[in-house]
Amino acid sequence: MNTLLTVPARARAQLVASDVHLARGGRPVLTGVEMTVTPGSRWGVVGENGRGKSTLVHVLAEALAPDAGSVRRTGTLGSAEQEMAADEDRTVGDVVDVHLADARAALAALDAGAAALAEERPGAEASYQAALEAAEALEAWDADRRVDVALEALGAVTDRSRLLAHMSVGQRYRVRLACLLGAAYDFLLLDEPTNHLDQAGLGCLTGRLREWDGGVVVVSHDRALLRDVTTTILDLDPSQDGRPAVYGDGYEGYLAGRRASRRRWEEEYAQQQAEHARLADSLAAAQSRLVTGWRPGKGTGKHQRATRAAGLVRSVHQRQDDLSRHEVSLPEPPLSLDMPELPARAGVTLVRAENVTVAGRLCQSADVTLESGSRLVISGPNGAGKSTLLAVLAKRLEPDAGRVHHARNARIALLGQESAHPAHRRAGEVYEARLAALVSAGQLDESRTVALDGLGLLARRDLDKPVRRLSLGQQRRLDLALALASRPHVLLLDEPTNHLSIALVDELTHALEATSAAVVMASHDRQLRRDVAHWPHLSLATTALRGAAGMLRASPKEPPNETPGDVGHGPPCRREEADA
């Protein structure tokens, strides 16, 4: 019976991916992935949508064979994909049984071994010792309790008779995650594990992963989880040499390393471009001399013309060879946000909202006063009216009570959670139409407009794509570009990090700190909320509103009210923000 058990390898455990390559439909998805996951190491896998993060999880779990390279594993492994199928008759208890099968078998073998010892059967002592070692390695006696604790902490269904088919996607995911945390696997592979968790569940997951004795590989856009948990980051976004980059020292090491590598990439690319342009200019000049060399001044003899022409032809050929040898070998560096300068109007109250409510949507009255440089975070549980208040401030919705005053000629832009661009129109056309409307309405001088390709949000090749062919991330980038197009005095942001890459979110956060415009945001992004924890807050979940009127005039130039040791952690979450 013992031979059927899969026992954790513990200190001997190792998961190694060597030069893994995989393509789909002729398109490279994974190129040269190198990973060595050992007990105590916690890897984060990052990259924009479509970069192969989930595919890598399948390869590491040996559910998908790579086209080249190899994956070797010593030890047990548990994996959680983003979705979990629900068979008609499977229950929560069935999922628990699958993950605890080895622990149950070890305890059964131990009981059988004890009985054999009592009966003094031949070889009973060896069988009992093997079963005992297996049960200890699996921590079998405590397995069910660990799963029950995890189910409770993650807010999962604890009734083991509950049918999976009667549960939501999020409920099923939490059950499986609890089973993984309760079992004693050597390795955990988790794909976007924070998607279906509330604040308490996030805290439970973070704590369990930080104390996990085995190895962890977590695919996530959740920067707070990456910062709190990971020791190493694998970046699948484009790199200078075309291969994934690995950064040590956790999330901070990743940020510093990525900035340094991006800077080197941009400098070397610029040098290659400059040298290529110099050689092209040199060739053009030589060709020009060749043309004029055949038309010398009067009095020049034919012999002189022929002698000079041969030298000019050699010069042209030499420069053609130089240019052909100097191809720009580096790929173009990734885009980087170039936030336009947003204007300030000193001494002017740009927006003042007094006791505003909207029936059925914003039931608690709110007061907001914004001047240039004001900062405000609106928080509260879902349904408290955060998006509604932003719409009121943006003049897109009239309040049912209270009043809103907007300064004359104040430009206000709202980045909403959803957009409704004509799906057939090209991205560049949508942006140009917005600029034209602003200029024709007299809201923006034509000399102050910013070209779409100058914002660093969409590549030139994407400007001619119809909106329907853009990814969610690209559509969100277009939405952000449209919000910035008017160079607003007031920038209102509703869940601004949705569908944006980690790199762009970090760039946007720094840009928002520096801009002279007033900025108001509502966000569930835990790391963004940590980053702006020093901004005034208005909570729609309590009776007393914080951050109104004068509280909202914080200068973006003021340093954050936190010590270096507090960076990335922020204040404890209030109960009313648990679902925010």
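Asp-338 is partly exposed, with a relative accessible area of 47%; the partly exposed class lies between buried, under 20% relative accessible area, and exposed, over 50% (1.4 Å probe, protein chains only). The model is a predicted one, in which local features need pLDDT of at least 70 and side-chain atom pairs count only at pLDDT 80 or more, while totals for chains, interfaces and linings use all residues. Residues are numbered from 1 along each chain as its sequence is written, and side-chain values use heavy atoms, with hydrogens and water left out.

Asp-338 sits in the loop between helix H10 (302-325) and strand E10 (349-358). Helices (H or I, at least four residues) and strands (E, at least two) are DSSP runs numbered from the N terminus. Leaving aside residues up to four places away in sequence, Asp-338 touches Gly-454 and Leu-455, where contact means heavy atoms within 4.5 Å. The C-alpha atom of Asp-338 is also 5.6 Å from that of Gly-456, a residue 118 places away along the chain.

The chain as a whole has 16 helices and 17 strands. Of its 580 residues, 48% count as buried. Taking contacts between residues at least 6 apart in sequence, 73% join residues at least 24 apart. The accessible surface of the chain is about 27,800 Å², and carbon and sulfur atoms hold 48% of that area; the areas come from the Shrake-Rupley method with a 1.4 Å probe, and for residues only the protein chains shown count as cover.

Cys-179 counts as buried at 0% relative accessibility, and Cys-204 is buried at 15%. A search of the whole structure finds zero disulfides, a disulfide being a pair of cysteine sulfur atoms within 2.5 Å.

The second largest pocket holds about 620 Å³ of space. A pocket is an open set of points on a 1 Å grid over the protein atoms alone, where a 1.4 Å probe fits, with protein on both sides within 12 Å along at least five of seven lines; lining residues have an atom within 4 Å of a point. Grid points are joined across faces, edges and corners, and the volume is the space filled by probe spheres set on the points.

This pocket is lined by 25 residues, and Arg-396, Ile-412, Ala-413, Leu-414 and Arg-434 lie nearest its centre. Strand E14 (412-415), helix H12 (427-440) and helix H14 (472-485) each give two or more residues to the lining. The largest share, four residues, comes from E14.
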